[in-house]
Amino acid sequence: MDLGLRQSDVAERIGVWTSTVNYWENNHFNPEVQYVPPIVAFLGYDPSRPPPASFPLQLKAARIAAGLTRRQFAARLGVHPGTVAEWERSEARPVGACREQIKVLLGVYFDEGAVVANP
């Protein structure tokens, strides 16, 4: 993607030093987890991950892209962190109000039993 931006412009939008963007671009360092949400927001996609193929993978990818640990995500949903772990391991699926909360928190929604990224 070429937006005609300088590294300093990108750094300012993401909230890091210009040298940090340079390191990322040259594969010297990977971004720390707290920078993933602003990077994804800037790019419009998560460049480090292929599109997940299943509900558990998509849920986990969306949670990480939002910069949330399982514990933080569970607290926002009002469920036990073990429940989120079960969803991500495909041992259970969210039901009822949790589905709507996931849509609001992570931008994913359910369509006939499948989870779909919100465009």
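Okay, let's start with a pair of helices: helix 5, residues 70–77, packs against helix 7, residues 97–106, at an angle of about 120 degrees, and their axes are 10 Å apart. This is a predicted model, where local features need pLDDT of at least 70, side-chain atom pairs count only at pLDDT 80 or more, and totals for chains, interfaces and linings use all residues. Residues are numbered from 1 along each chain as its sequence is written, and side-chain values use heavy atoms, leaving out hydrogens and water.

So what are those axes? They're lines fitted to C-alpha atoms, for helices over the stretch in contact, and angles run from 0 to 180 degrees between N-to-C directions. Helix 5 and helix 7 are therefore oblique to each other; under 35 degrees would be roughly parallel, over 145 roughly antiparallel, 65 to 115 roughly perpendicular, and the rest is oblique.

Who touches whom? From helix 5 we have Phe73, Arg76 and Leu77, and they meet Cys98, Gln101, Ile102, Leu105 and Leu106 of helix 7. Contact here means heavy atoms within 4.5 Å. Sorted by type, the residues of that contact give 6 nonpolar, 1 polar and 1 charged.

Now zoom out. The chain has 7 helices and 2 strands, being DSSP runs numbered from the N terminus: H or I with at least four residues for helices, E with at least two for strands. From the N terminus, the order is α-α-α-α-α-α-α-β-β.

Definitions and conventions
Ala, Val, Leu, Ile, Met, Phe, Trp, Tyr, Cys and Pro count as nonpolar, Asp, Glu, Lys and Arg as charged, and the others, Gly among them, as polar.
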